[in-house]
Amino acid sequence: MVERILDAAGMVLHARGLAEFGTRQTAEAAGISVGSLYQYFDSKEALLQALGGRMIGEFQTEIQQVIPRLNQAQPRDFIRILITSAYTVLDRDGGRNLTLMRHWKELNLSADVASVERVLMQYVELLSNSQPLLRSMPDKQRTLYIGINAVFFNLMRYASEPSPYFSRDELVEGLVEMLELYVQSRILNVTGAGKPAGDN
């Protein structure tokens, strides 16, 4: 029943927007009474929070599914796979999660975002241990934290208010380039080389 209600809530939000989103509209879309809905969610805000939590769970599942690809990826491809995975979730079900993300300011997602951050930190650190230069990078925790949050909050910002100046694909390429250069600058602190590691 919870999934049925959340599916209906996502459909209503996607079709009507936040201004016309509420418990009554959700109950109608789910084919149940408002009283039945209140047994599970006592307010519009509770519905939004549950939708946000479910979306974050989908992010985590998607990341787990691409782990085998990440294990074999070079840093640039690694970053692109993660970003593409995020958009796979956002575009699901006709873009309902993308619509939800556009209202991220109204969602109480602090704990959920922190959960994703912890999972990503663990995965990225584990995978970086297989690459000598990344393994020896100074302040790796700080580098991972900054990189992960730079991507996540840029995605949220672009999802909620797409830039008129460039496309989504250009955003992805920009984020990949930004993180690649940032990681390379950290590696240079270790190698002392005059150029990014791996260049000929």
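On a 1 Å grid over the protein atoms alone, a cavity is a set of points where a 1.4 Å probe fits but cannot get out, a pocket is an open set with protein on both sides within 12 Å along at least five of seven lines, and lining residues have an atom within 4 Å of a point. Grid points are joined across faces, edges and corners, and a volume is the space filled by probe spheres set on the points.

The model is predicted: local features need pLDDT of at least 70, side-chain atom pairs count only at pLDDT 80 or more, and totals for chains, interfaces and linings use all residues. Residues are numbered from 1 along each chain as its sequence is written, and side-chain values use heavy atoms, with hydrogens and water left out.

**Exercise 1. State which secondary structure elements the protein holds, and what share of its residues is buried.**

Step 1. Helices (H or I, at least four residues) and strands (E, at least two) are DSSP runs, numbered from the N terminus. The protein has ten helices and zero strands.

Step 2. Buried means under 20% relative accessible area, exposed over 50%, and partly exposed in between (1.4 Å probe, protein chains only). Of the 200 residues, 41% count as buried.

Step 3. Contact means heavy atoms within 4.5 Å. Among contacts between residues at least 6 apart in sequence, 69% join residues at least 24 apart.

**Exercise 2. Describe how α1 and α2 pack.**

Step 1. Axes are lines fitted to C-alpha atoms, for helices over the stretch in contact, and angles run from 0 to 180 degrees between N-to-C directions. On this basis, α1 (residues 2-16) and α2 (residues 23-30) meet at about 115°, and their axes are 8 Å apart.

Step 2. A crossing is left-handed if the near helix is turned anticlockwise from the far one by less than a right angle, and right-handed if clockwise. The crossing of α1 and α2 is right-handed.

Step 3. From α1, the residues R4, I5, A8, A9, M11, V12 and R16 meet Q25, T26, A29 and A30 of α2. By class, this contact comprises seven nonpolar, two polar and two charged residues; Ala, Val, Leu, Ile, Met, Phe, Trp, Tyr, Cys and Pro count as nonpolar, Asp, Glu, Lys and Arg as charged, and the others, Gly among them, as polar.

**Exercise 3. Characterise the cavities of 30 Å³ or more.**

Step 1. There are two such cavities in the structure.

Step 2. The largest cavity holds about 40 Å³ of space. Its lining consists of F59, A86, L90, M101, F152, L155 and M156, with seven nonpolar, no polar and no charged residues. Helix α9 gives the most to this lining, three residues.

Step 3. The second largest cavity also holds about 40 Å³. V113, V116, E117, L120, I148, N149 and F152 line the second largest cavity, and they divide into five nonpolar, one polar and one charged. Here the largest share, four residues, comes from α7.

**Exercise 4. Is G147 buried or exposed?**

Step 1. G147 belongs to helix α9.

Step 2. G147 has a relative accessible area of 10% and is therefore buried.

Step 3. The C-alpha atoms of G147 and M121 are 9.9 Å apart, although 26 residues separate the two along the chain.
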